Amino acid sequence: MHIEPGQKPLKTRLRKELRQKRAAIDADLRVQWDALINQHLEAFATQHRWSLVAAYMAFDGEPDLLPVLSNLGQKGVKLALPVIQDAPAETHISMRAWSLGQDMVANHYGIAEPGGTEDIRLSDIDLVLVPLVGWDRAGGRLGMGAGYYDRLFQPCAGAAKPMRIGVGYEIQCLPEVPRDPWDIRLHGVITENGWHHCDARE
């Protein structure tokens, strides 16, 4: 029986190329693009009455969302950040309550995480802002390769809540992201050019 090879070699090559492309963005241009992304998210937020939003701390050239998160927190929106949880079977992430200015600890990747706050159930989160390396207009997402977000979203893959919104730049858009059966699609992506609706259905 013929078995189709997995997408790992192609994903690895694309991941390297896209990370290099993202790292090469001019510093002034990055500031402009990040400001636009924050503005688009702010406008998107005014259309919804979110109670709880999960986001991320920018790493490896990802768009910095601290301005919009600060604004949401000041408006009474509860916030959460991912925390890496080491488990005997498989390392995974959970979402933990976070507020601007609280003490943070670095995980083994060097990414800041909130410490000493309660874990948040995924079903209680309205929106998850998801970092990415690559994306396509059908909701395909290429991450860093550890599979944390795919495992996180697996129990609610077919649900509308939480809304899964990727955050990235237009230069990270691919004609088609190579996809494995365990990859979970995004409901949408926000870039410096605005909002892209994606069909997250399987």
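**Close-up 1. A salt bridge joins Glu170 and Arg137 in this predicted model.** The N to O distance between the two side chains is 3.7 Å. The partners belong to distant parts of the chain, 33 residues apart. Glu170 is in the loop between β10 and β11, and Arg137 is in the loop between β8 (134-135) and β9 (141-142). With a relative accessible area of 17%, Glu170 is buried. Arg137 has a relative accessible area of 49% and is partly exposed. Across the structure, the count of salt bridges comes to 10.

**Close-up 2. Asp180 and Lys11 form a salt bridge between side chains.** Here the N to O distance is 2.8 Å. Asp180 lies in the loop between β10 and β11, while Lys11 lies in helix α1 (residues 8-23). These are distant parts of the chain, 169 residues apart. Both Asp180 and Lys11 are buried. Salt bridges with shared partners join Lys11, Asp180 and Asp183 into one network.

**Close-up 3. Lys75 and Glu42 meet in a salt bridge.** Their side chains are 2.7 Å apart, N to O. Lys75 is exposed, because its relative accessible area of 56% is over 50%. Glu42, at 18% relative accessibility, counts as buried because this value is under 20%.

**Close-up 4. Phe44, Trp50 and Trp195 are linked into a cluster by ring pairs.** A search of the whole structure finds 5 aromatic pairs. In one of them, the ring centres of Phe44 and Trp50 are 5.3 Å apart and the ring planes stand at 65°, so this pair is edge-to-face. In another, the ring centres of Phe44 and Trp195 are 4.7 Å apart with the planes at 25°, so this pair is stacked. Phe44 counts as buried, at 9% relative accessibility. Trp50 also counts as buried, at 12%, whereas Trp195, at 37%, counts as partly exposed.

**Close-up 5. Strand β10 is joined by bridges to strands β7 and β11.** Strand β10 spans residues 163-167 and is mostly covered, with 4 of its 5 residues buried. Strand β7 (residues 127-131) runs parallel to β10, and 5 bridges join the two. Strand β11 (residues 188-191) also runs parallel to β10, and 3 bridges join this pair. Gly166 in β10 stands opposite Val130. In β11, Val189 is the bridge partner of Gly166. In a regular strand, side chains alternate between the two faces of the sheet.

**Close-up 6. The charged end of Arg164 sits over the ring of Phe153.** The distance from this charged end to the centre of the Phe153 ring is 5.7 Å.

Notes:
Residues are numbered from 1 along each chain as its sequence is written. This is a predicted model: local features need pLDDT of at least 70, side-chain atom pairs count only at pLDDT 80 or more; totals for chains, interfaces and linings use all residues. Side-chain values use heavy atoms; hydrogens and water are left out. Rings of Phe, Tyr and Trp (its six-membered ring) pair if their centres lie within 6.5 Å; planes under 30 degrees apart count as stacked, over 60 as edge-to-face and the rest as tilted. Buried means under 20% relative accessible area, exposed over 50%, partly exposed in between (1.4 Å probe, protein chains only). A charge sits over a ring if NZ of Lys or CZ of Arg is within 6 Å of the ring centre and within 35 degrees of the ring normal. Two strands pair if DSSP finds at least two bridges between them. A salt bridge is a side-chain nitrogen of Lys or Arg within 4 Å of a carboxyl oxygen of Asp or Glu.
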